[in-house]
Amino acid sequence: MNKIQVNRWKDQLFKIWGIGCTLVGLILLVLFIGDILIDGIMRIDWGFVMNLPSRKAEKSGIYTALMGSLWILALTTIIAFPIGVAAAIYLEEYAKKGRFSALLEINISNLAGVPSIIYGLLGLEVFVRILNLGASVLAGSLTLSLLILPIIIVATRESIKAVPSTIRDASYALGASKWQTIWNQILPASSGGILTGVILSLSRAVGETAPLIVVGALAYVPFAPSNPMEEFSVLPIQIFNWISRPQHGFIENAAAAIIILLLVTFMMNAVAVYYRNKWQKKWN
Amino acid sequence: MELVAEKNTKNFTMNKESEQESKTKISIKNARVWYGDFEAVKGISMDIKPNSVTAFIGPSGCGKSTFLRLFNRMNDYIDGFRMEGKIKIDGTNIYNKKIHVEELRKEVGMVFQKPNPFPKSIYENVAYGLKIQGISDKKVLDSRVEKALRQADLWEEVKDDLKKSALALSGGQQQRLCIARTLAVEPSIILMDEPTSALDPISTAKIENLIFGLKEKYTIIIVTHNMQQASRISDYTAFFYIGELVEYSKTKTLFTKPEKKRTENYITGRFG
Ligand SMILES: Nc1ncnc2c1ncn2[C@@H]1O[C@H](COP(=O)(O)OP(=O)(O)OP(=O)(O)O)[C@@H](O)[C@H]1O
Ligand SMILES: [Mg+2]
C-alpha cells in the first residue's frame, strides 16, 4: 500500500469511529426519552398539572412544584439579568484593562465551573442564615442567581465584543457619550447574544436541584407560594422525591413530571436558538 | 453649542466671522503623537483654511489617519496614545482639559473608510446624532433628516422607504448615508478617511461631486491614496512621509511644481 492509500484508510477509520461516538450519545438519549415517555406520557393530563401533591399517587399533581419553579425562574431572572448584564458592561466597556481586570476575568470564568452545591452552601449561610430569609423562594432565587451570574456575564461580554468597532466609532464620531453609545448601539446590537446566554443559563437554573435542597427547599409543600418569602418546592425536587418512593404509581408520576420539566427546558432552549440565529443573520 | 462648560469661553459659532478674516479654521502647532514608544506623528505644524477641501496624501502607515483623528479626538481611547502640541479650532485649543469631547465632535464630523451605518433604519441612522442631543420633536427631526439626505444626494433614492434597514443599501449609498448622518449634526468641519476606497468608480464619482458641493459650507479634510482624486477635488494638498509633513501647498502647485524631490517621486508613482 502506498502512503495515500494508508492515509485514506485512516480517514475512513476515523470517520467510522466518529459516527460511532455520535451514535452512542444519540441512542442513549433516545432510549432515555423513550423510556420516560412510555412510563409517563399516559399520566399527563390537566389534573396532573393542577393537582396539589398527595399521599396517593393517582391524586398527586405537580402544581406546587411547577409554581415553585416558575417563581424561582421569574425571581432569578429579575435578580440575575440586570446584575449580570451591568457587570459585563462594566468589565467590557469601563474597567481599565490591567492586571486587576485580568484577575477578575479569570475568576469569573472559574466561577462558572464551581459545583452547584457549593453555591447552595453559600446561599444557606448568607441568605438563609445571615440575611435571615429562611428557606424561602427569595433565598433560593438569590442562590441560583449567584450560580448563573458568571454564565450571564461571560455570554454578555462575548456578545458585546462581537459588535464591530466601526459601530462604536460611528456613534462616538457623532458626538455620543459612552453611555449613549452603549445604550443606543452596543446593547441593541448585542441583545440577541445576551438573550441567548440569559435563557440558556436560566434553563440550567430550572433544572438545578442540589443547591436548592441545601438552601432548604421542601420535598412536600401543601400550597403554591404566593409571595417571595414563602417556602417552596421545585420540579426536580418533586421528581427526586417521587422516584425514591417504592409504589409504582409514583414512578409514573416522576416520569410524567420529567416530561414536563424537559418540555420547559426544551422550549427555553428553542427560544434561545431562535434568537441566536436571528442575531447571527443580522451581522452576516 | 458651547464646547466648554465655562460661560466666558468663546464658542464656535460666535467665532466664525473672525476666523473667516484670519483665514484659519484649524491651526496645528508642533503636533506629536506616540503609540507607546512608537512616534507616529513627529512634530507637524500647519494651518487649514476654512471652506476648502484639503487632501492628505502619503504612503501607507505614514500617519495620515492618526493625524486626522487628532482633530476630533478619536485617538483618545486608544491604548498607549499620547500627544503633544496644540491644535486650535476657531481659536480654541481642543486638547484643553475643559473641552467636552462630545461637543467637539458635533463641530467636527467624521466619515470612515468602510461605510459603517448602524444596523437600523435609514431614518434612524440620520436622526441618531440629533436624538442623542435630546432633539425629539418629530417635525424637527423629519425636516433635518430630509435636509441632510438631500445634501448627501441620497434623498431621491430613499425617500419612499426611510424605514428600510440601512444595511440593505448598496455600498455607495451606505457611504452617502454616513455622510448624511454626519451632515445632520451640522458640523463645520468634516473629516474623511479614504471615504471612497471601498467603492466602485460610479459611487466614487458621486461622492466626489458631493464633496465639491459641500465645501461652500464646510471645511473638509480628506485622506486619499488616489492622486487623481486629490487633484480633482482638493484646493490644498499635504504630503506626509513617515510621520512628517513634507510638503503642503495649493493642490495645483503641489501636483505641477512640487518643491521636494520626495513629493515628486510619490505623486508620479515612483514609490509608495
Ligand atoms: N492603535 C495603534 N496602536 C499602535 N500603533 C498604531 C495604531 N494605529 C496606528 N499605528 C501605527 O502608527 C502609524 C501610522 O498609522 P496610520 O493609521 O495613521 O497611518 P496611515 O497613514 O493612515 O496609513 P494608511 O494609509 O495605511 O491608512 C503606523 O505605523 C501604524 O502602524
Ligand atoms: Mg489610514
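Student: Over the ring of which residue does the charged end of A:K178 sit?

Tutor: This is a predicted model, in which local features need pLDDT of at least 70, side-chain atom pairs count only at pLDDT 80 or more, and totals for chains, interfaces and linings use all residues. Residues are numbered from 1 along each chain as its sequence is written, chains are lettered from A and ligands numbered from 1 in the order in which they are written, and side-chain values use heavy atoms, leaving out hydrogens and water. A charge sits over a ring if NZ of Lys or CZ of Arg is within 6 Å of the ring centre and within 35 degrees of the ring normal. The charged end of A:K178 is 5.0 Å from the centre of the ring concerned, that of A:Y94.

Student: How are the rings of B:F67 and B:F240 arranged: stacked, edge-to-face or tilted?

Tutor: Rings of Phe, Tyr and Trp (its six-membered ring) pair if their centres lie within 6.5 Å; planes under 30 degrees apart count as stacked, over 60 as edge-to-face and the rest as tilted. The centres of B:F67 and B:F240 are 5.4 Å apart and their planes are at 55°, so the pair is tilted.

Student: Is B:F67 buried or exposed?

Tutor: Buried means under 20% relative accessible area, exposed over 50%, and partly exposed in between (1.4 Å probe, protein chains only). With a relative accessible area of 0%, B:F67 is buried.

Student: Which residues form one aromatic cluster with B:F67?

Tutor: B:F240, at 1% relative accessibility, also counts as buried. Together with B:F67, the cluster contains B:F56, B:F71 and B:F240.
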